[in-house]
Amino acid sequence: INGSQVKSIDHTTVKWTKYFLSEEEINLLRRLRSDERVISCGDLMDVDVGLVTGRNEFFMMKENQVKEWKLKPYTIPVASKSNQLKGTIFSEQDFEANCKAQYTIHLFIPPNDEFENLPEACKKYIAYGESQYFHTGYKCRIRKLWYITPSLWVPDGFALRQVADYPKIILNETGASSTDTIHRVRFKEGTDKRLATLSFLNSLTFAFSEITGRSYGGGVMTFEPTEIEEIPIPVLHKLAIDFDEIDRLIRQRKIEEVLDIVDEALLIRKLRFAIDEVGLLRGIWRKLSNRRSERKRN
């Protein structure tokens, strides 16, 4: 659409009016909302909250605590903070590195049975928990057995609930679940998981994510599961991009390089977005992301 043909729009009712975007930038975003080359993350995945333990201090354990209480057979691995998910893949090696760093990444989960039938090590730890009144908190109190955390399914991937730099989907290549600081992702049947994870890393998705997420000051954006599902993402196309190379660049925090690669391959070559449109989208993301960071510093 030629800029000169677009009538001035009243933006007072649009969520993104509170951002310092130009008319040209707002028009582009509006136009892309209904572009057939753009779908939403919810077309590819279901996003759900992580596990609610009811008392992390009791249920979440470090490697040395697990050994001390002899509870290894009665724990499952979890991701509990965004800094534990450094790449676009969460691998067994990542989990081992998190163990060595003594992060709280083991979730205590005894057999789902009455106390008297439990293994001795579990009884001891639960008795310790009760001596600290951990079982009296609301979330624990309303359970049939206070020491059993519900909803123990292992996701295909993770999505960050709180984002400082930029959002991403992380493929889960372990048997880990996550606590409620990190959302759990299930890809819909037929979705190429690696391709979806890769295709999320582009200027269009990043620009819209800054508008979809909520920033409460402190420079951090927060996403509810439904908000992750709402984020626009380009229609998936097979891409000649080395997924492991992208994972490596993300770990090195070279996000601009990643965006250059994915924008070129997906937005420009496959979907025929104009180079200046992609440049505009990158500029929107930088502008909004920098404004968040500045608020953190002020």
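Two strands pair if DSSP finds at least two bridges between them. Helices (H or I, at least four residues) and strands (E, at least two) are DSSP runs, numbered from the N terminus.

1. **What you are looking at.** This is a predicted model, in which local features need pLDDT of at least 70 and side-chain atom pairs count only at pLDDT 80 or more, while totals for chains, interfaces and linings use all residues. Residues are numbered from 1 along each chain as its sequence is written, and side-chain values use heavy atoms, with hydrogens and water left out.

2. **The five-stranded sheet.** Let us start with an open sheet of five strands, ordered E2-E11-E7-E9-E5, whose pairing is mixed. E2 and E5 are its edge strands, each pairing on one side only. Strand E7 (residues 157-160) and E11 pair in the antiparallel sense, over four bridges. Within that pairing, leucine 160 has isoleucine 182 of E11 as its bridge partner. In general, strands of a sheet pair through backbone hydrogen bonds, either parallel or antiparallel.

3. Strand E2 (residues 45-48) is joined to strand E11 (residues 182-187) by four bridges, and the two run antiparallel. Aspartate 46 stands opposite arginine 186 in E11. E2 also has two faces: Met45 and Val47 are on the covered one, Asp46 and Asp48 on the uncovered one.

4. **The three-stranded sheet.** There is also an open sheet of three strands in the order E8-E13-E12, with antiparallel pairing. Its edge strands are E8 (162-163) and E12 (214-215), each of which pairs on one side only. Two bridges join E12 to strand E13 (residues 221-222), and serine 215 stands opposite methionine 221 in E13.

5. In helix H4 (residues 92-100), Asp94, Phe95, Asn98 and Cys99 are buried (buried means under 20% relative accessible area, exposed over 50%, partly exposed in between, with a 1.4 Å probe and protein chains only). These residues cover an arc of only 145 degrees around the axis, which puts them on the same side of H4; the arc is that of the directions from the helix axis to the C-beta atoms. The face turned away from the buried side carries the exposed residues Gln93 and Lys100. Among the elements covering the buried residues of H4 are helix H3 (63-68), strand E4 (75-79) and H10. In the loop between H4 and E6 you will find glutamine 102. Its phi is near 60 degrees, a positive value in a residue other than glycine, and glutamine 102 is partly exposed, with a relative accessible area of 29%.

6. **Helix H10.** The buried residues in helix H10 (residues 243-251) are Phe243, Ile246, Asp247, Leu249 and Ile250. Seen down the axis of H10, they fall within an arc of 165 degrees, so they line one face of the helix. Their cover includes strand E5 (89-90), strand E9 (169-172), helix H7 (193-199) and helix H11 (255-270).

7. **How H10 meets H11.** These helices pack at an angle of about 150 degrees, with their axes 8 Å apart (axes are lines fitted to C-alpha atoms, for helices over the stretch in contact, and angles run from 0 to 180 degrees between N-to-C directions). H10 and H11 are therefore roughly antiparallel to each other (angles under 35 degrees count as roughly parallel, over 145 as roughly antiparallel, 65 to 115 as roughly perpendicular and the rest as oblique). Ile246, Leu249 and Ile250 in H10 meet Ile255, Glu257, Val258 and Ile261 in H11, where contact means heavy atoms within 4.5 Å.

8. **A closer look at isoleucine 255.** This residue lies in helix H11 and is buried, with a relative accessible area of 10%. Leaving aside its neighbours within four places in sequence, isoleucine 255 is in contact with Tyr166, Phe206, Ile250 and Trp285.

9. **Arginine 272.** Look next in the loop between H11 and helix H12 (275-297), where arginine 272 is found. Its phi is near 60 degrees, a positive value in a residue other than glycine. At 64% relative accessibility, arginine 272 counts as exposed.

10. **H1 against H8.** Finally, the axes of helix H1 (residues 23-33) and helix H8 (residues 203-212) come within 12 Å and cross at roughly 105 degrees. That makes H1 roughly perpendicular to H8. Leu29, Leu32 and Arg33 of H1 make the contact with Leu204, Phe208 and Ile211 of H8.
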